[in-house]
Amino acid sequence: MTEQLLFWVFAILTCGGAVAVVATQNVVRMAFWLVVSLGSVAALFFLLHADFLGAAQLLIYVGGTVVLLVFGVMLTASGHTIRVQASPAEVMLGSGVGLVLLFVLLFGINSVDWADVSARIPAAGDSPAVVDETQDRHLREQLASATTPEEKAAAEEAIQAVHARRQSGRTVRQLGLSFYGLRPERDLNQPAGQSLAPGYLLPFEIISIHLLVVLIGAAYLARAKRRATSGPGVDL
Amino acid sequence: MGEVGLEAYLFVGAVLFVCGVVCMATKRNGIGVLMGVELVLNGANVNFVAFSRYTPLGLDGQATALFVVVLAAAEAAVALAIALNYYNNHLTIDVDRGNELQG
């Protein structure tokens with residue numbers, strides 16, 4: 001019940017923030033609504049038991065990217081440029097197309113039987129959801145076949161333990177190991193002789209080089225060179 | 001108001017995506033367009049994490065979402081550098097003014 005309530009609160013905050021980003025014309029207010037929306041997305045990540053990803057979202061997005069955007073607003077906005085509005089016809093056309101696209105997406109999501117789809121995905125070894133589901137089912141069978149009150153109490157306690165572990169959602173160590181190229185949560189319960197699950201070592205290395213290139217490139221592009229004199233594209 | 005399932009998170013992701021696309025299409029401020037890109041990437045991330053939670057895919061969705069977050073930060077840095085250059089050359093951030101390449 002609490003999870004449902006929190007989900008609805010943060011889902012409404014997320015969607016409302018996103019709609020407000022579109023509806024607002026002032027760039028600084030847009031940045032504020034973006035903070036609201038992205039922060040609520042981080043809360044949704046926590047609700048989805050992705051604790052590390054939620055923390056990373058808060059640190060990188062809300063703490064880094066939005067601050068970067070606000071700096072961009074500060075460095076580029078000078079009075080008359082802070083309100084650059086599209087014409088009402090363009091806004092109407094854009095929101096109409098957006099509504100149609102939203103309708104198509106919602107219809108598509110609604111018309112797919114997601115339980116069937118996820119049942120047809122081959123179970124990824126020891127992924128936390130699968131383990132908990134099978135354990136849960138097993139324990140429920142035990143509970144149904146239990147005769148004495150002691151057995152019943154023990155089975156209920158075990159089910160509670162499985163639920164508590166599912167609620168905890170500790171993913172930091174597994175994510176870190178997968179970036180190191182190891183997938184123990186998949187490999188440990190596999191039969192011998194099977195090849196190991198691939199990790200994310202190579203993408204991790206590629207993204208570190210990519211970040212270095214981006215750092216150098218952004219510093220190169222944004223270096224101070226004021227040549228805002230009258231050129232062909234300037235008509236002030 | 002039933003049990004929160006996969007579809008609810010997919011709906012949130014769809015709304016984020018559509019808002020981002022409309023933001024990219026209708027804003028004339030370059031920074032506003034960048035904010036639309038961030039919204040689109042976040043919608044994709046919500047979908048990734050929801051699938052990692054509600055299907056047997058396990059941790060792959062979360063790892064991919066982490067890569068998306070890092071790439072979005074990098075993209076924002078480069079795009080802001082480009083926006084600053086644009087502002088230095090045009091003295092405005094209105095993206096409709098960047099039409100010199102029309103010939």
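This is a predicted model: local features need pLDDT of at least 70, side-chain atom pairs count only at pLDDT 80 or more; totals for chains, interfaces and linings use all residues.
1. Residues are numbered from 1 along each chain as its sequence is written, and chains are lettered from A and ligands numbered from 1 in the order in which they are written.

2. Chain A at a glance. Chain A has ten helices and zero strands; here helices (H or I, at least four residues) and strands (E, at least two) are DSSP runs, numbered from the N terminus. Of its 236 residues, 21% count as buried. A residue is buried if 20 or more other C-beta atoms, placed from the backbone, lie within 10 Å of its own, exposed if 12 or fewer, and partly exposed in between. Among contacts in chain A with a separation of 6 or more, 49% join residues 24 or more positions apart; two residues are in contact if their C-beta atoms, placed from the backbone, lie within 7 Å.

3. Where the two chains meet. The contact draws on 80 residues of chain A and 67 residues of chain B. On the chain B side, helix 1 (6–26), helix 2 (30–54) and helix 3 each supply at least two residues, and helix 3 gives the most, with 23 residues. By class, that side of chain B holds 47 nonpolar, twelve polar and eight charged residues. Ala, Val, Leu, Ile, Met, Phe, Trp, Tyr, Cys and Pro count as nonpolar, Asp, Glu, Lys and Arg as charged, and the others, Gly among them, as polar.

4. Helix 3 of chain B covers residues 60–90, and its 31 residues should span 45 Å at 1.5 Å a residue; the end C-alpha atoms are 44 Å apart, which agrees. The expected span is 1.5 Å times one less than the number of residues. Just after this helix, Leu91(B) takes a positive phi of about 60°. Helix 2 of chain B, with 25 residues, reaches 37 Å from first C-alpha to last, close to the expected 36 Å. Helix 2 of chain B is also mostly covered, with 21 of its 25 residues buried.

5. Helix 3 of chain A against helix 3 of chain B. How are two packed helices described? By the angle between their axes and the distance between the axes. Axes are lines fitted to C-alpha atoms, for helices over the stretch in contact, and angles run from 0 to 180 degrees between N-to-C directions. For this pair the angle is about 5° and the axes are 10 Å apart, which makes the two helices roughly parallel. Angles under 35 degrees count as roughly parallel, over 145 as roughly antiparallel, 65 to 115 as roughly perpendicular and the rest as oblique. The contact has 18 nonpolar, six polar and no charged residues.

6. Helix 10 of chain A against helix 3 of chain B. Helix 10 of chain A (residues 201–221) packs on helix 3 of chain B at about 15°, with the axes 9 Å apart, so this pair is roughly parallel. The crossing is left-handed, meaning that the near helix is turned anticlockwise from the far one by less than a right angle (right-handed if clockwise). Those making the contact include Pro203(A) and His210(A) from helix 10 of chain A, and Phe67(B) and Asn85(B) from helix 3 of chain B. In total the contact has 13 nonpolar, three polar and no charged residues.

7. A pairing inside chain A. Helix 2 (residues 27–47) and helix 3 of chain A pack at about 175°, with their axes 8 Å apart, and are therefore roughly antiparallel. Among the contact residues are Phe45(A) and Phe46(A) of helix 2 and Asp51(A) of helix 3. The contact has 18 nonpolar, three polar and one charged residues.

8. Some residues to look at. Which loop holds His49(A)? His49(A) sits in the loop between helix 2 and helix 3 of chain A. Most residues other than glycine have a negative phi. His49(A) has a positive phi of about 65° although it is not a glycine, and His49(A) is buried because 20 other C-beta atoms lie within 10 Å. Asn26(A) lies in the loop between helix 1 (2–23) and helix 2 of chain A and is partly exposed, with 14 other C-beta atoms within 10 Å.
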